[in-house]
Amino acid sequence: MKRFGTDPQLQKYSEWFIPVKLETSSDQWKSFRETYKHDGGMSPYVFIVRADGEQLYGSGKRISAEELYSVVEDSISKSGRIYSMPQASALATAAESAGSQLYDGDLEAAIKTLMSVRKIGMPGQLNSFASAAIAADSVAAEIDAKVAPQLEAIKAELEDEQRAPDAAIKMAAALRQLVRWVPRKDDLNQLKKQFKSDEKLKSLLEQAIIYDEMLQAQQRDNFTKLLSGYRNLVSDFPDGLIVPRGKLLLESAVTPELAKADDFFVMWQSANGFRTSGVMKSAKKNDAGEVVSISIVDRRDKTIEVTLEKLDVVSQQLAAAIVAQR
């Protein structure tokens, strides 16, 4: 072990090995010898053990300096890439965090976290036996096991024209979640080209991206953003195939608790573009039970009575959804 500090030819390897001295009379030595064997000789015995516990060398025989250099070089060649302590620490932290995020179902966050150590090495291809690298590669394999079927599902649905809207919605989610996942970059880019090369698919993807933003807003309980997204969807794609799904999402977001809340301020818009933020206090119906007008109280506590036909289609649908939940 001293030679790693005194021999110039061995000093360059000193950071790649952690020297451990065991007394042959100790319990640690007895435990060590139950797993690791040597080829004879006498004390001191020299063992080289890889980071994953694999024995690479064990002997008590005296060897020359040249033979020692050869043993060291051979051990290094079988040890995969060797990372510095700061690099190993970064890999371990990223693997633990990404694994936890993946367990919680947040694929997008897990990918972002694991890709943060990309400059050290590509997760999944770290080529190391260090525990931190093995952990990072393991999480990368788990991520890819979720990514691959997601991309395959898009490919399969694109082959069926009737399932194209589903493919577009999945693609919008993939563009959000997987854009940082370098191992599948080529697959994702190929799908992007497929959508862009067809005008119908291109339109579907544009709609799906807005719809995906609505889904994210719903998950964050951000009804204002969800409503704004739906209004953009209807405005930009009035006959779009994904618009009906947007309507269903809007209706599902209007819960009974929200519909009855005194502070449920939303943006109402007239057919000619006039907007006001207010709470719908009441609604009037005709003999057929259809809503014909609503009463809105704005932030200045001013009451506005407006017939439903004067509102834009989104406001009409919103009013119907609120009435349905009261």
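1. D221 lies in the loop that joins α10 (199-219) to α11 (223-236); helices are DSSP runs of H or I of at least four residues, strands are runs of E of at least two, and both are numbered from the N terminus. The model is predicted, with local features requiring pLDDT of at least 70 and side-chain atom pairs counted only at pLDDT 80 or more, while totals for chains, interfaces and linings use all residues. Residues are numbered from 1 along each chain as its sequence is written, and side-chain values use heavy atoms, without hydrogens and water.

2. Most residues other than glycine have a negative phi. D221, however, has a positive phi, near 55°. With a relative accessible area of 72%, D221 is exposed (exposed is over 50%, buried under 20%, partly exposed in between, with a 1.4 Å probe and protein chains only).

3. D301 also has a positive phi, near 65°. This residue sits in the loop between β5 (291-298) and β6 (303-307), and D301 is exposed at 63% relative accessibility.

4. In α6, L107, A110, I111 and L114 meet residues of α7, including I143 and V147 (contact means heavy atoms within 4.5 Å).
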